[in-house]
Amino acid sequence: MKSELLDLCTSSVNSQNRFHEFALLLQNYLEQHFHIHHCCFLFYDGEAALKPFYVHSSVQVDYQQMKKIYFNSFLSQQKVVDITDVEQGFPFNHMVFIKESHFDKYGVVFIQSSPEWLTFLQSDFFEDFINCVSKVFYLINEQMEIRQNENQYRKLYNMTDLFHSTMDIDFILENMLITIQENFPNLDVELILSNDQDRQTKLQIKPFDYLSERPTTIQAFVSGEITIEQAFDLNRCLLNAPINGRQAIYGILQVSAPISYVFSNAQKDFIRLLAHTSGNALENAKLYRQSHRLIRDLQLINETSHHLNKLLTLNEMFLFLQKQVMQHFQPMELCFVLKEGNEYKITEATTDFFKTEESTVYIQHVVKHFESSQDSLFIADFSRIVGKEILFKSIMVIPMIVEQRINGFCIVLHHEPYFFSFDSFKLLQSLIHHSSLAIANLVLRNQLQEMVNQDYLTKLYARRYLDRFIERSLENDRSGMFLLIDIDNFKLINDTYGHQVGDDILVQIGNQLNKIIGTSGICARWGEEELAIYIPNISEDEAENIATELLRTIPQATNPTVTISAGLVFWNHEQRPDFHSIFLQADTALYNAKENGKNQVCVFNGSFPSHQ
């Protein structure tokens, strides 16, 4: 027996299954010399339960139920124990301990004794036999642990070195799985990652869900410590190792084994180190990706803000924003809504869905939310809120807030629940908030321009705006008319009725001018009681007809009734006047109309005006 054990130690140095060979040698030896046909070999490695050697026992035994407590009372007393009365119905009657005194791991051999075995127990050779077998067991265990640890940590070192050379999250996760499967080929592995993971991962990964995960998995994720569960409902033994970095825990590496499997301390340490190394590498890759994404996000916001500040109209702004949001967030539907007074109005920068009745449920929900709050909305599954199946489940809503007031909002939708990440939500918030300032500035600029361009009393255009309009028309149009109007006896109206009535008459005449001219030209206040009309691309006959119509209808549109005198200038591309001369000509014609009795239009014709 010593010779065979020595041969086992020396001839199988590189063997990976020497425990199997050791157990097989003992089994053959017991059968050959002691006629023991039924035996079972178990191994205790410092954990709370025993597990079998890698050899087929001659008898099937529920070894998972054989706890360490059954043997503690015998270990310090004797190496062979009669267990006939310990376990009723147990197929063995002797238990042999294979253990070195200073070694915390041991083997247990259950045998069904024979007469030869009972004789051998009383011989002088038995003690030497047990000591020799225990010493070989110890040496084999030591050598196997050294080789196993060496192989595992060499792989761990190589993987760590590999992780330091990449920032690819897919590559890191894939190699973590490969390393586990290489070291534990008979076990199953699953990655359970938290919901804030990047969606670019191609591997099959289970999202971490607090509502559906097993308590031991949640415990490992929260505590950062390995947990082990005998999952009898799955008939599996589950080891949950947290994938933790320096800043956070990113998920769980779950190793699944048969229900009777017992993970050794060495295995748990290796899985813990692997998960921790992978967690650090994953964290570095995420931070690297986040830094690049942050740079892109800042570039997006800067580019958008810069471009918006160059645009001249609200419609152009919203159309540009629509393009940016569709490109960078990939929503299926998008809508920009502006608040005018107490009403929300959809802008042109809106997809077709928001022009249908189906969009009402989304708009109404958002409007109701903003009645009591100014917070943005980030909804992962809208169907849970409305309590029914709905077309678009993922929603982001960002209000456009300026000076603590909501001026409008942006809605983006997608069919899939949980489509938009929280990072996308924060980016859209920044983009809309920066854009809101540019939009508000444009609104204020337009309002200021209107104040500059319009007369505050009559709401007609101011003279400066009229000057610019005429100057562009003289350069670009083929013809035009300029009519300078003066209210007859306006001073007498003010003296008789007061300046308030005089102001009302100016407003009444302004309204009549806009009514007749419409969008064909512009009407302006020229001076105190002087008004002006300019219409481009008009014929001379049409110009005279408009002047005559005004002369006729203004007395009817005013209360108290007033009349007007007017000077008309018509030009065409063959006789294009100078910018300044057109005003002088109209003023000359107006003077002539007033000198000839008022309540008439005088047309400037060459050097001398003609009367109507």
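Reply: The account below begins with the chain, turns to the sheet, and ends with two further sites for context.

The model is a predicted one. Its protein chain has 17 helices and 21 strands. Of the 612 residues in the chain, 49% are buried. Among contacts between residues at least 6 apart in sequence, 61% join residues at least 24 apart. The chain exposes about 32,000 Å², and carbon and sulfur atoms supply 50% of that area.

The sheet in question is open and consists of five strands, in the order β12-β11-β15-β14-β13, with antiparallel pairing. Strands β12 (343-346) and β13 (377-379) each have a single partner strand, so these two stand at the edges and one side of each is left without a neighbour in the sheet. From one strand to the next, the twist averages 20°.

Within this sheet, β14 (residues 394-402) and β15 (residues 405-414) run antiparallel and are joined by nine bridges. One of the paired positions is S394, whose bridge partner in β15 is H414.

Two helices pack on the sheet. Helix α9 (residues 314-329) touches β11 (333-340), β14 and β15, and the direction of α9 makes about 150° with that of β11. Helix α10 (residues 360-370) touches β11, β12, β13, β14 and β15; the direction of α10 makes about 145° with that of β15.

Helix α14 (residues 490-497) packs against helix α15 (residues 499-517) at an angle of about 135°, and their axes are 6 Å apart. At that angle α14 is oblique to α15. On the α14 side the contact involves F490, I493, N494 and Y497, which meet H499, V501, G502, I505 and L506 of α15. The residues of this contact comprise six nonpolar, three polar and no charged.

Apart from neighbours within four places in sequence, I249 is in contact with S194, A220, F221, G224, P242, I243 and N244. One of these, A220, is 29 residues from I249 along the chain, and the C-alpha atoms of the two are separated by 9.7 Å.

Definitions and conventions. Residues are numbered from 1 along each chain as its sequence is written. This is a predicted model: local features need pLDDT of at least 70, side-chain atom pairs count only at pLDDT 80 or more; totals for chains, interfaces and linings use all residues. Side-chain values use heavy atoms; hydrogens and water are left out. Two strands pair if DSSP finds at least two bridges between them. Helices (H or I, at least four residues) and strands (E, at least two) are DSSP runs, numbered from the N terminus. Axes are lines fitted to C-alpha atoms, for helices over the stretch in contact, and angles run from 0 to 180 degrees between N-to-C directions. Contact means heavy atoms within 4.5 Å. Buried means under 20% relative accessible area, exposed over 50%, partly exposed in between (1.4 Å probe, protein chains only). Accessible areas come from the Shrake-Rupley method with a 1.4 Å probe; for residues, only the protein chains shown count as cover. Angles under 35 degrees count as roughly parallel, over 145 as roughly antiparallel, 65 to 115 as roughly perpendicular and the rest as oblique. Ala, Val, Leu, Ile, Met, Phe, Trp, Tyr, Cys and Pro count as nonpolar, Asp, Glu, Lys and Arg as charged, and the others, Gly among them, as polar.
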